[in-house]
Amino acid sequence: MSELVVRYSSTGSVGCITFNRPPANAYDLGFHLQLIDAVDAADADSDARVVLVVSALDRFYCAGADIKAFASNSVEENKRMVDTARTALSKIEASGKAFIACISGHCLGGGLEIALACDLRFGAEGEYKIGLPEAKLGLLPGNGGSQRLPRIIGPSHAFVLLASGESIDPDEALRIGLLNRIFPETELISGATKLAKEIAKSAPLAVAACKTAVRKGLSMPMVDALELEANLVEELYTTEDAREGFRASTEKRVPIFKGC
């Protein structure tokens with residue numbers, strides 16, 4: 001069995017997926033197979049309602065693909081690795097739980113693509129770089145970066161980063177909307193956990209519906225997106241959580257949501 005470099009753990013309503021593959025969390029096939037297992041474990045954890053995605057390393061969040069492994073692999077092996085990475089990121093997007101990438105070190109190439117698949121991206125203050133350098137290697141991001149990035153920061157900002165291959169610092173990433181918030185380095189995890197707990201107080205089915213509305217709605221014409229919203233909210237009307245939410249509001253108490 002390969003060494004465990006991607007781990008899932010949880011404390012109450014907040015789960016955590018941790019990358020720990022020194023020196024740079026550069027990934028190979030095994031890394032993404034373990035990421036799939038970790039996302040599955042998070043989905044199966046009925047207590048955890050929000051999942052942080054963090055690095056155990058000081059200087060790197062994730063440097064992307066392990067270039068040495070990529071160079072030594074056959075074309076078929078590399079195709080399997082890319083397909084597995086795409087599956088892992090699709091699982092993050094498809095999960096009904098909110099995922100928050102907590103970035104405190106260099107986040108490059110496929111590492112940024114992992115963060116782009118998450119619902120939110122929080123950064124630490126510091127002198128690290130964030131970017132998609134594939135164009136400088138004669139390539140295009142292959143794990144969804146060219147499609148998720150413009151949906152998050154807009155086509156013009158995305159094209160500059162994609163075509164130039166240049167990396168930016170956390171302040172610039174915050175300015176263009178690539179990062180949602182920045183915290184002092186020592187407060188990144190606590191800050192992310194605080195918001196995660198606030199999200200966890202909401203009804204799980206409502207959070208999942210919000211995620212579906214945002215992600216699917218962006219790719220639809222407005223008329224279809226509004227129909228999607230109507231269908232989602234109509235489904236929520238029938239849930240026990242919605243009834244509990246109304247009861248708690250009228251009784252002036254904290255609701256107890258069960259995800260049903």
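A search of the whole structure finds four aromatic pairs. The model is predicted: local features need pLDDT of at least 70, side-chain atom pairs count only at pLDDT 80 or more, and totals for chains, interfaces and linings use all residues. Residues are numbered from 1 along each chain as its sequence is written, and side-chain values use heavy atoms, without hydrogens and water.

**Exercise 1.** Classify the pair Phe19 and Phe31.

*Solution.* 
- Rings of Phe, Tyr and Trp (its six-membered ring) pair if their centres lie within 6.5 Å; planes under 30 degrees apart are stacked, over 60 edge-to-face, the rest tilted.
- The centres of Phe19 and Phe31 are 5.0 Å apart and the planes stand at 50°, so the pair is tilted.
- Phe19 belongs to strand β2 (residues 14-19) and Phe31 to helix α1 (residues 29-44), so the pair links distant parts of the chain, twelve residues apart.

**Exercise 2.** Is Phe31 buried or exposed?

*Solution.* 
- Buried means under 20% relative accessible area, exposed over 50%, partly exposed in between (1.4 Å probe, protein chains only).
- Phe31 has 0%, so Phe31 is buried.
- Phe19 is also buried, at 0%.

Note on methods: Helix = DSSP H or I, 4+ residues; strand = E, 2+ residues; numbered from the N terminus.
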